Structure formats: C-alpha cells, structure tokens
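Hello,

I am handing over the structure we spoke about, and below it you will find what was found in it. Please read the notes with the structure open beside you.

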Amino acid sequence: MAEQRDIKEHEPIHILVIGKTRVGKSAVINAIAGKKIAREGQNTKDICREVNRYDFSVGDVKYVVWEAPGLQDTSEDDSVVIKNLQDALRNEGSHLNLVIYCTVMDRERFELSEVNAIQNLTKAFTSAFWSKAMFVLTYANRVLAPERCETDEEASSWFQSRVAEFEDVIERALIKSGVCSDDASQVPVIPAGYHTASRRIPNARDFYGITDWVQLFWQLYEEKSNKAETKKDKHACVVTSRREQFIPQEEVDIIHVGNEYERGQNETQCCRPG
C-alpha cells in the first residue's frame, strides 16, 4: 500500500493513469491504492469509456486517481479522448503530481500505436508532461524466460535485459515525440505483476528477483519526487487547452523491442535509434 508522504495538509496527490485499452490500468490503480477501487475486467462492458475519478486516503494523505479511456482505440479518436481528459482535469483545477503510462510487457513488443499515443500526449500537454511520468509494464509476471535459463539467477538476468530493452525503446519514442534526451532517459520504467495474493499465487507481487513490485513503484516515485524538488522543476505539468493536429490511427504496425523499427508503410512516423 502507498505510504504517507510529507505534503501540505489537505493537498491531495493527483495521479493520472493512462494507456491503451485492455493494458491493465484498473489493476494498476487497485495495486497502488492497496484496495479495489476500480473495476477490473476484460469484457467489453468493463472497458473504461470516460474519465473516471477515484479518491482514497492513506493516513493523512489524500490521493486522487484519474483513469483515462484507452488511447489508440478504433472506436474513439485520441484527440477526443485527450480533450475530454483535459476538460475533466481543468474543471477540477488539477495539477498532476504523477502520470502512470501503462503498456503491456507480456506482448514482448512495442507497437507503433504506442508511439502515436505518446506523440499525441506530448502535443496536447507539452513535453513537460513526461517529467511527471513513470511507465508501468503490466502483466510482467506472465513473461516466460527461455528454456536456456536453467537457474533463477539466469532467468532474473534475462528478465532484467528485457526490461532494459523496453527502457530503450520507450526512451527513443519519447525523444521522437519532442522530449529532450536527458529528460527521456530519466523517466522510470517498472515491471508490474499481480497485486493480490491467492492460494495459487501466495507471493503475487514477487517475480524474477523483484520483491513486492508495488513497494518498488512507490520507492521510485519518492526518488522521482525528491529529484523534482531538488531541481525545483522549472516546467509545471498543467492542463492546457492547446489543440494541435493528432496522428491518425493506423493499421497495426509492430515495433519489436530490442531491434530496429520494422520498415513499412508508416516508416516516416517510426522512432528510430541513433
């Protein structure tokens, strides 16, 4: 569960959870809250179609979590989703303290649609948006190590290399969207698994050498917040009304993690290394 933080009384921490449809955003919200406050599910009726707000407290610290509808969804254009999100945040006068971008890890690939979503968010909120961000790799517990990994140490080493590959491709996508390389390299990436123990999975938060990924998440957030305080964060992440042209949704064009982006019809939109 989230720990108490040294903030001004009656000043809640505002968290935005965003990402594509069916990437586990609700499960991440329940994990960081330490209890079930968002509805989880894979059925069509369970898909988030509007901006949802969840409030919870830990001790004297209040949290407000905003869950955005899925980006790059064929049923809704990103410009509409982001405009509705901006309106919801502006109406509440919310200044975001943390942005959690969820992307699936067990898919073992980073799609061009993710790059498009990142670029659309940067255009709407400016590159300062990402100074508040952390990327969460959902369903990481489902990622299976190859058979060549005969020991737990080898499996953990392989898993960390996979995380590093995601870190690299996410950094390149951020740079492509207009985030400076120094800032892009400072955005944390953390793998996330189950958050509720069961008889079948007694150590739900532990996998591949990671002990309690939720606790690790909050530790990384604390470190990020402390760095921002030290730097006095020149760019406040505020909600703007800027309207710019958004990238149209494309047919699925896969970008493989750890390799150069595949060439295809959308080659000019791809974020390439170097």
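Asn116 is buried, with a relative accessible area of 1%, where buried means under 20%, exposed over 50% and partly exposed in between, using a 1.4 Å probe and protein chains only. This is a predicted model, in which local features need pLDDT of at least 70 and side-chain atom pairs count only at pLDDT 80 or more, while totals for chains, interfaces and linings use all residues. Residues are numbered from 1 along each chain as its sequence is written, and side-chain values use heavy atoms, with hydrogens and water left out.

Asn116 lies in helix α3, helices being DSSP runs of H or I with at least four residues and strands runs of E with at least two, numbered from the N terminus. Although Asn116 and Asp78 are 38 residues apart in sequence, their C-alpha atoms are 9.3 Å apart in space.

Asp78 is one of the buried residues of α2, which also include Val81, Ile82, Leu85 and Leu89. These buried residues of α2 pack against β1 (13-19), β3 (61-67) and α3 (112-125), contact meaning heavy atoms within 4.5 Å.

The largest nonpolar core has 77 residues, and Ile15, Ile100, Trp130 and Phe159 have the most contacts inside it; such a core is a set of buried Ala, Val, Leu, Ile, Met, Phe, Trp, Tyr and Cys residues joined through side-chain atoms within 4.5 Å. Helix α4 (residues 152-177) gives the most to this core, with nine residues.

Best wishes
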